[in-house]
Amino acid sequence: MAQLINTNDLTIRTELKTGDLGYVAYMHGKIYNTELGYGFSFERYVLEGLLEFSRQYDPQKDRVWICEYKDRIVGFLMALSRGKTLQLRYFIIEPEFRGAGLGKRLMDSFMAFMDEQQFEHAYLWTTNQQDTAVSLYLRHGFMLTEEKDSNAFDKPLTEKRYDLFRTPNPLLEPYDTPYGLPPFDRITPARYLPAFEAAMAEHRKNIAQITSLQTPPSFADTLEAFEKSARLLRNVSAVFHNLTSANTSPELENISRQLAPMLARHSDDIYLDAALFNRLKALYERRDALTLTGEQAKLLEKAYKDFVRSGANLDADKQTRLREINKQLSLLTVRFGQHLLAETNHYEMMITDEKDLAGLPGSLIEAAALSAKAAGKENGWRFTLHNSSVMPFLQYADQRNLRQEIYEAYINRCNHNDERDNKEIVTQLAALRAEKAALLGYASHADFILEENMAKTPAKANELLQQLWHAALPVAQQEATEMQALMNREGKGEQLEAWDWFYYADKVRKEKYAYDAEALRPYFKLENVRDGLFFTAQKLYGLHFQLLKDVPVYHEEVSAYEVKSEDGTLVGLLYLDFHPRNSKRGGAWMTSYRKQSTNASGRVAPVISIVCNFSRPTATQPALLTPDEAETFFHEAGHALHGLLSDVTYETLSGTSVPRDFVELPSQVMEHWAFEPEVLAQYARHYETGELIPAALVEKMKAASKFNQGFATVEYLAASLLDMAYHTLPAGNNIVPLALEKEQMDSIGLIPQIAPRYRSTYFQHIFAGGYSAGYYSYIWSEVLDSDAFAAFRETGNIFDPATANAFRKNILEKGGTEEPMDLYVAFRKREPDVKYLLQHRGLETSTH
């Protein structure tokens, strides 16, 4: 009918009249029900939105365009302004008026208003059935930035967000910030998808330049060019993936689900590019004839192996299947992590009767009251599954039924047959990983992973795990016997259960050593522990830390530090992010926003971040850490030093880019300094009086340090063995996770009072965190770190300059430029001895 319309009779007005919104609602309902079958849910959604708009509409800031044909409304568009942002809403045209150029006139009016008012950004939401409108948006410069499935209407739909920016994408521009830090304040969620698409396009262009070369490959034009080809993509990925862990949002989670298969496909396109692989392969095959440095040779070896291990040698059919597996794996790991975060944030245990708080320290009670208020509950105390809440509750709460309630919630995370359940995801991950390993010629996923680790084979890793299991299990059984004896003396007729362990372990510790970990907290003020850590890094490596103001940070709680050497040279930048929040996943980790490398201008300083979930300050106390939290801080600082002190040429080999069972050496060795008297003397002062921690209390802490090591070792080893059980499965498996878990725990004789540190449905390390077939790495590295710290002790000076320099030069600076054992032997002059680990854990007598 468009050709019968006299366009001269079409008029557009910009003032809102009584009845306009009602008619727009009628148009929406008629068109979307008739054409698209959206149903009454959509009509209700539109009506609610229009009512909200009528309340918010400000004719001085907002704008409507109402198109009339002979006094009848036939088209409508509104724009709501929010600062420098403009939202496009309710763009609708009567069907018989489409094709008359009305849509373009309305959009042109919208764009003119945007220019007139100097808006920097506009956005809109639409659905997957709006192809004509979408083509109009795209022609006006809008870009797809987010998709999400919606069940809000009477039929399943995909909602899509489109954005238009009048300013450059800050993720794609050189960072014009101090130290080249990411400009977090200018990065909105809508910027990510276009940035990733642009970065992937640039990566593909750079690869095409390499593969178009007609000359024989050289190290510079092929391998170095490949190393530089993804620099923009690495930068964008670093910001996005770090924030999805440390400061996520529903928007970022939606984008993450979109990106996972896109990035998997892009990676496959690169690593299955035959022309690129052939150039690298030709270079690798004549490596002995090339004049390469040791680091260059390592980079070439790694690149070649990465291509082979990514399927470059497979035939076309197998590569097609591999692509599909990688796509599924990328989505499943994202879903696993998102389910766990949602489950952790979902659970709460509210206590309203004060007597149920019996036994809890005042700091925990105060924190629980603040948590309740933050959750909108004026009365009561709120306990959650964040470690800083659940663990002290289990340790101190007298009410056994409440300990049981929160413990069972903790060990059954993502195991409730609901939308957050992870059992089916675990089944699929185990099957797909095994299938992928078989495609690539490996007996299992563990064989595939460990080939590149120090352990080399699952058998070698299991050998260490079993050796330690047989040493630790009798110790744990003896600890359980001691706790049961204490329970018997109390005369309650109760048997020790898993939810009793932390509580009675604390009681036995107090009875045997007169040691109360809670009494230490006043001496572990967070800021003091931080200063003690900085002191340790200065004594060992000559580093100085300066707090920075007015630099971009990704959350108001984050602090930034400049790290310099003794001579004032910039070493790197360090972010510290300490406390739990709903936008942050659990645990503690080190990460990087920029890895160290070397370019024509010299050393590129890394940007490192430590992210934790430590106890928050309360209204009456600063943040006071437990000894475990203080040790965790030193642990993550060890990773940070590995990243900060890296001094290599290529980013791929920089810092923590080492095998999983070597990467924990720098982190775990730092733990040894945390409670040394010389270090405690620098930071362990009472937060109120300034009194140094009493020597008697330090002695009690030292005497009790090996207490409960049976439990700590057994729960860790149980998780490590569970990891290996999943990942030594052959292709074609279709396991039931909890059945496999029970079978494995029964087979090793795990006592019922101890659960694996991570059960299957919340084992994020291996199902969403990069440690699949690698959780054993912590204990493997502990053999190294115990032996390494013994090197300092043997000198009679835990800060011995020569030993510290040897560790720095041979371990921390080298990254992944040499084989890990070669690096360790260069430092220690011999291979590590397991006896130091056994001594450290108090297990040495259990091996006989």
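A residue is called buried when its relative accessible area is under 20%, exposed when it is over 50%, and partly exposed in between (1.4 Å probe, protein chains only). By this rule W65, at 3% relative accessibility, counts as buried. The model is predicted: local features need pLDDT of at least 70, side-chain atom pairs count only at pLDDT 80 or more, and totals for chains, interfaces and linings use all residues. Residues are numbered from 1 along each chain as its sequence is written, and side-chain values use heavy atoms, with hydrogens and water left out.

**Aromatic pairs**

- The whole structure holds 56 aromatic pairs, a pair being two rings of Phe, Tyr or Trp (its six-membered ring) with centres within 6.5 Å; planes under 30 degrees apart count as stacked, over 60 as edge-to-face and the rest as tilted.
- One of these pairs joins W65 and F113 edge-to-face, at 5.7 Å centre to centre and 75° between the planes.
- The pair links distant parts of the chain, with W65 in strand 2 (residues 63–69) and F113 in helix 3 (residues 102–116), 48 residues apart; helices (H or I, at least four residues) and strands (E, at least two) are DSSP runs numbered from the N terminus.
- F113 is buried as well, with a relative accessible area of 3%.
- Y758 and F763 count as stacked because their ring centres lie 5.4 Å apart and their planes meet at 20°.
- F763 is buried at 0% relative accessibility, and ring pairs place F763 in a cluster with Y410, Y716, Y758, Y762, Y771, Y775 and Y778.

**Nonpolar cores**

- A nonpolar core is a set of buried Ala, Val, Leu, Ile, Met, Phe, Trp, Tyr and Cys residues joined through side-chain atoms within 4.5 Å.
- The largest such core has 168 residues, of which F383, L574 and W673 touch the most other members.
- Helix 17 (residues 458–490) gives the most to this core, with 13 residues.
- A second, separate core has 34 residues, including L181, L193, A195 and Y554.

**The surroundings of N613**

- N613 lies in the loop between strand 16 (607–611) and helix 20 (627–644), and N613 is buried with a relative accessible area of 12%.
- A polar atom of the N613 side chain lies 2.7 Å from the backbone oxygen of G587.
- Beyond four places in sequence, N613 is in contact (heavy atoms within 4.5 Å) with residues including S388, G587, W589 and E629.
- R585 is also among the contacts of N613, and the charged end of R585 sits over the ring of W589, 3.8 Å from its centre; this arrangement requires NZ of Lys or CZ of Arg within 6 Å of the ring centre and within 35 degrees of the ring normal.

**Helix 24**

- Helix 24 (residues 709–727) has 19 residues and reaches 27 Å from its first C-alpha to its last, close to the 27 Å expected at 1.5 Å a residue; the expected span is 1.5 Å times one less than the number of residues.
- Helix 24 is largely enclosed by the rest of the structure, because 19 of its 19 residues are buried.

**Positive phi angles**

- Most residues other than glycine have a negative phi.
- C414, although not a glycine, has a positive phi of about 60°; C414 is found in the loop between helix 14 (400–411) and helix 15 (423–439), and is buried at 0% relative accessibility.
- D550, also not a glycine, has a positive phi of about 60°; D550 is in the loop between strand 10 (544–548) and strand 11 (559–564), and is exposed at 77% relative accessibility.

Key
Polar contact = N/O pair within 3.5 Å; in protein donor to acceptor, adjacent residues only side chain to side chain.
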